[in-house]
Amino acid sequence: MRGSILKLFAVPMSLALLAMAACSGSAVVTMTATPSSDTFISYRVGVASIRLLTSSGKTGLTVLPTETMVDFTKLTDLSEVLGAAPVAKGTYTGAVITLDYSAAQIIYDDGSLDGVELTPLGANGRALGVVSVAVALDPSAPFRSAAKQAGLLALNFNLAASNVVNLSARTITVTPMMAASTLPIDAKTVRVSGPLLGANGAFFATGIQPFDGTVAGPGQLSMQPSNTTTYEINGFVSTGTAGQAQLAAVPANTMTSVFGTLTISSDAVATPVSTTAPTGTTTPTGTTTPTGTTTPTGTTTPTYTTAVAGTTASSVSFAASQVLVDSSVQGLGQDRVSGIVSARSGNTLAIEDATLLQNGGTNTLATGTTIVNIGPNTLVTFFGQSVAEFISPQQISVGSSIDAFGTASNTSNGGVLLDASAGRVRLDLTTASGLVTAQGAGNLVLNLTNLGGRAIHALDFAGTGAAANQYAVATPSLDLTNSTVSAPVVVTGFTNAFGTASPNFTASTLLDPTTIQAELVIDWSAGTAAPFTTFDSTAITLDLSNTGIGPRHQIQIGSQVIDLVGLSSDPSITPSTTGSNTLFSIGHAASSTVESFNTLDAFVTQLQSELNGATLATGMTAVGQYTVSTFAFSATSITLFLNN
């Protein structure tokens, strides 16, 4: 196998993917998730299958042939490649996604240590098992498969639109909202995970095995790194040609995770699928870690000719920014625990509801408290680190997002204990969200609401030197113009060393009220035939005087929550004009179908034919930028559920 892959490297990169799809077309399938203002610690659900639908309504390619467990909370900051499969020539108008909730593990973050586990129910109030959703692509942009061509099928699971939480009953009512597009849905970092098939000084190829699972997706991808690509191979870091040489020495079939930018470009336009770094996965280019380790900036990208459905001939490229090889978890005696450090005492770390990847590949949720023991011999690295240097285990603090490698065992109370005292810990990026209480030169003080995606009350700051209501953040070279007192901000970076004085966190990126992704959600408990005062191809105006508004009616901007019912003017929702791709969806609760549209015009045209008095709207979400002073919401995404 390795020899055949190395022969592929002799083929020009413009033909790499085409060699895998000589007679048929090829589909690069990705999946991501839209977060919810209802914060979930875990949303683990079985993805039983994903099947393409032909224009005649028949099912075609099955992308995931075997059920695999997916934690959708891990997909809110990245897109995962599910496969790069050969597709029979023809036109495909959608996909059928089958989800299995029979063994779901959905944990809501109510601020308590371990959160609240919720029982999933269907709209009929009964326990939810297997459910299928048929998702239609925009009629003007179906997926067209032709010989020696490839295209993108992007899937998005909307957590806010799909779920209504009843905390007092400890239940969650699920009506899955899954959208699809042949255009990039967002600008998140893309991850390709799978066995290494081969590598030389210039290229490498991997199979596809998504979600840290054991189920292989179809196809393989060939990628070209740059001289600034960073590598971490079993704890040893390197950059560029040195790292690629080390990767070439890694045995075939070793599991590899590659993070980077997947880009689709046409003759006239280049549209990036991924440009931003997700929490806990990848370091932004040109940033500095708390210990001074500088990550690289800039990459070059290989291209191979493809055709994006509904467009002229295009090219797809993948710029690999980070490469991880953690072969220690594959039969060599080590296990991996991932999660957010909730407390630290000496060399003992606590992680709530951690993910345990056992030696051999079994991936499980370790509910309750997982203990990780570290020591002076624990090797510590930063994700995206480019230069080898000593990093003290003291760098691990409360709020740190970590991958810890060692030997796992069970405690007397049934919990998990990982001994990493002779192992290693990788520090991933984490986020801190709060309201500004003070601004200085190159620093902010925040009243935190979330750290590492966890409600702040679940974290024990004893011994850290930090206080949640006066959390000091270093912001070197970041623009603080809009980070004024009382403004919500979201910073991404690393916590500073445990037990050290201020600052408590070093930020590499910062979002303020003008750049934070706002999330709108509104329900109509019994349904309404008139959710809007007006809606046309230019704008949708919510009717806040509607007496049927349900329990959810808010816009969340980071740590700021705006009650829609209390606004003095009805908010107007317009499509984003910032250059991001837009995706608008109409869900049908009774028939378990979703219609996806790439433009507001097409969305509204269809909605006007369906929202005709007999059909009722039950819920709506939107994602984008909200301007408080003008009640204007610029949306990259809108979902509307109808009761039919």
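Visitor: What is the mean pLDDT of the protein chain?

Guide: This is a predicted model, and confidence should be read before geometry. The mean pLDDT of the protein chain is 87, and 87% of its residues reach 70 or more.

Visitor: Where does pLDDT stay under 50?

Guide: One such stretch is residues 1–22, for which the model has 56 contacts beyond four places in sequence. Another is residues 267–314, with 173 contacts of that kind in the model.

Visitor: Which residues have the most contacts inside the largest nonpolar core?

Guide: The general idea is that in soluble globular proteins, nonpolar side chains tend to be buried together. Here the largest nonpolar core has 52 residues, and those with the most contacts inside it are Met31, Tyr43, Ile50, Phe72 and Tyr101. Strand β6 (residues 90–108) gives the most to this core, with eight residues. Apart from this core lies another, of 35 residues, among them Ile516, Ile555, Ile557 and Tyr626.

Visitor: Which residues does Phe72 touch, not counting residues up to four places away in sequence?

Guide: With that exclusion, Phe72 touches Met31, Ala33, Tyr43, Val45, Val47, Phe157 and Leu159.

Visitor: Why do the buried residues of helix α4 line one face of the helix?

Guide: In helix α4 (residues 600–610) the buried residues are Leu600, Phe603, Val604, Leu607 and Glu610. Seen down the axis of α4, they fall within an arc of 125 degrees, so they line one face of the helix. What covers these residues includes β35 (532–535), β36 (540–542), β39 (572–575), β40 (583–588), β41 (593–597) and β43 (632–642).

Visitor: How many of the residues of β43 are buried?

Guide: Eight of the 11 residues of β43 are buried, so this strand is largely enclosed by the rest of the structure.

Visitor: Which strands pair with β43, and in which sense, parallel or antiparallel?

Guide: For strands in general, one keeps in mind that in a regular strand the side chains alternate between the two faces of the sheet. In this model, β39 pairs with β43 in the parallel sense over four bridges, and Thr574 stands opposite Ser634 in β43. Six bridges join β40 to β43, and these two also run parallel; the bridge partner of Ser585 is Thr639 in β43. Strand β42 (residues 617–627) pairs with β43 in the antiparallel sense over 10 bridges, with Tyr626 opposite Phe633 in β43.

Visitor: In the hairpin of β42 and β43, which residue takes a positive phi?

Guide: That residue is Phe631, with a phi near 60 degrees, in a hairpin that has four residues between the strands.

Visitor: Does one call Ile340 buried or exposed?

Guide: Relative accessibility decides this, with buried meaning under 20%. Ile340 counts as buried because its relative accessibility is 15%. Ile340 lies in strand β22 (residues 335–345). Although Ile340 and Ser400 are 60 residues apart in sequence, their C-alpha atoms are 5.6 Å apart in space. Beyond four places in sequence, the residues that Ile340 touches include Ala350, Ile351, Gly399, Ser400 and Leu451.

Visitor: Which side chain makes a polar contact with that of Thr228?

Guide: The side chain of Ser226 does so, at 3.0 Å. Thr228 lies in strand β16 (residues 217–233) and, at 17% relative accessibility, counts as buried.

Notes: Residues are numbered from 1 along each chain as its sequence is written. This is a predicted model: local features need pLDDT of at least 70, side-chain atom pairs count only at pLDDT 80 or more; totals for chains, interfaces and linings use all residues. Side-chain values use heavy atoms; hydrogens and water are left out. Buried means under 20% relative accessible area, exposed over 50%, partly exposed in between (1.4 Å probe, protein chains only). Contact means heavy atoms within 4.5 Å. A polar contact is a pair of N or O atoms within 3.5 Å; within protein, one must be able to donate a hydrogen and the other to accept it, and residues adjacent in sequence count only if both atoms are side-chain atoms. pLDDT is the predictor's confidence in each residue, from 0 to 100. The arc is that of the directions from the helix axis to the C-beta atoms. Two strands pair if DSSP finds at least two bridges between them. A nonpolar core is a set of buried Ala, Val, Leu, Ile, Met, Phe, Trp, Tyr and Cys residues joined through side-chain atoms within 4.5 Å.
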